[in-house]
Amino acid sequence: MLISITIIAALLLNFILPFGYLLKTKAKNKTNAKAVLGLQIFVFFSIVVTASIFIFGATPSTTALAEGTAEAASAASSTDGWKYLAAALSTGIGSIGAGLAVASAASAALGALSEDSSIMGKALIFVALAEGVAIYGLLISLLILFA
């Protein structure tokens, strides 16, 4: 319990402290802001790695102990952690990719529509294809979780 509270506090401080530093120093140059952002990203991933060590190194659950041996329980807890991590990564990375694709496709579609309004159907198809990436990521995560 104490470890969970410590990890949550560290993640919250990771987001609050850099912004407070930038507001306090009124950093106008981009070099200082980039250095603070790089440090924030490094600290965030360090916290995530540390948290994953604690999550995957957890003791076996009581339901797994009731169902079988201790070996089955430790294998179940290990695979459950990896399963949830894989599902989160497939959904998250798929959504980020879809957001980037929609941003570029929609801006290009709006530019093309301002030139010629008869190509609206083609422009909508390209934007919808970019949205499909997020749906594929969600489907993969559902397959990971429930298959």
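A residue is called buried when its relative accessible area is under 20%, exposed when that area is over 50%, and partly exposed in between, with a 1.4 Å probe and protein chains only. The model is predicted, so that local features need pLDDT of at least 70 and side-chain atom pairs count only at pLDDT 80 or more, while totals for chains, interfaces and linings use all residues. Residues are numbered from 1 along each chain as its sequence is written, and side-chain values use heavy atoms, leaving out hydrogens and water.

**Exercise 1.** Classify Gly92 as buried, exposed or partly exposed, and locate it in the structure.

*Solution.* Start with the place: Gly92 lies in helix 4, residues 70-115, where helices are DSSP runs of H or I with at least four residues, numbered from the N terminus. Next, take the relative accessible area of Gly92, which is 29%, and therefore Gly92 is partly exposed. Finally, Gly92 is 46 residues from Leu138 in sequence, yet their C-alpha atoms are 8.7 Å apart in space.

**Exercise 2.** Compare the classes of Leu142 and Ser141, and find what Ser141 touches.

*Solution.* Leu142 belongs to helix 5, residues 120-146, and Ser141 is in helix 5 as well. Leu142 has 38% relative accessibility and so counts as partly exposed, whereas Ser141, at 4%, counts as buried. Among the other buried residues of helix 5 are Ala123, Val127 and Gly137. With contact meaning heavy atoms within 4.5 Å, and leaving aside residues up to four places away in sequence, Ser141 touches Ala87, Ser90 and Thr91.

Terms used
Helices (H or I, at least four residues) and strands (E, at least two) are DSSP runs, numbered from the N terminus.
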